[in-house]
Amino acid sequence: MSDGFNLDLRNAEEEIDVPESFDGSVVLGVLDGTTPDGDWLGEVHDGNVLLLAVDGDLNDLASGFASDVKDAGGTLMHFREFLVVAPPGVGVDADRL
């Protein structure tokens with residue numbers, strides 16, 4: 001048989017890097033084409049979550065920034081009349097929908 005190994009987990013929690021808190025903000029807005037796509041991208045790049053009321057065709061209104069958010073590892077989720085846009089590292093839990 002093998003000698004096995006000793007694994008001491010008593011201090012494991014102290015060694016794990018866990019973010020203390022969410023450093024960004026939740027930004028409320030209206031996605032209606034009046035705000036430049038670069039402004040929305042800037043908010044996401046700054047680590048903020050967007051909760052945008054969609055006023056118009058979502059595909060047209062989000063086309064200028066959606067692929068950039070996805071390519072950067074962010075998340076976009078359409079929920080009712082809102083678009084939730086989260087930066088990389090911020091999960092959107094939809095398990096209760």
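**Group meeting: a pocket, a core and a strand**

Hi everyone, let me start with the largest pocket, which has a volume of about 180 Å³. This is a predicted model, where local features need pLDDT of at least 70 and side-chain atom pairs count only at pLDDT 80 or more, while totals for chains, interfaces and linings use all residues. Residues are numbered from 1 along each chain as its sequence is written, and side-chain values use heavy atoms, with hydrogens and water left out.

For the pocket, picture a 1 Å grid over the protein atoms alone: a pocket is an open set of points where a 1.4 Å probe fits, with protein on both sides within 12 Å along at least five of seven lines, and lining residues have an atom within 4 Å of a point. Points are joined across faces, edges and corners, and the volume is the space filled by probe spheres set on them.

Who lines this pocket? The residues are V49, M77, F79, V84, A86, V90, G91, V92, D93, A94, R96 and L97. Strands β3 (75-79) and β4 each supply at least two of the lining residues. By type, the lining divides into nine nonpolar, one polar and two charged residues (Ala, Val, Leu, Ile, Met, Phe, Trp, Tyr, Cys and Pro are nonpolar; Asp, Glu, Lys and Arg are charged; the others, Gly among them, are polar).

Stepping back, the chain has four helices and four strands, in the order α-β-α-β-α-α-β-β from the N terminus. These are DSSP runs: H or I of at least four residues for helices, E of at least two for strands. Of the 97 residues, 24% are buried, meaning under 20% relative accessible area with a 1.4 Å probe, protein chains only; exposed is over 50%, and partly exposed lies in between.

Now the core. The largest nonpolar core has 16 residues, and L31, L50, L52, A62, F65, L83 and V85 touch the most other members. Here a core is a set of buried Ala, Val, Leu, Ile, Met, Phe, Trp, Tyr and Cys residues joined through side-chain atoms within 4.5 Å.

L50 is in contact (heavy atoms within 4.5 Å) with V27, W40, E43, V44, L83, V84 and V85, leaving aside neighbours within four places in sequence.

Finally, is L51 buried, exposed or partly exposed? L51, found in strand β2, is partly exposed, with a relative accessible area of 31%. With the neighbours within four places in sequence left aside, L51 contacts V27, L28, G29, F82, L83 and V84. The C-alpha atoms of L51 and L83 are separated by 5.9 Å, although these residues are 32 apart along the chain.
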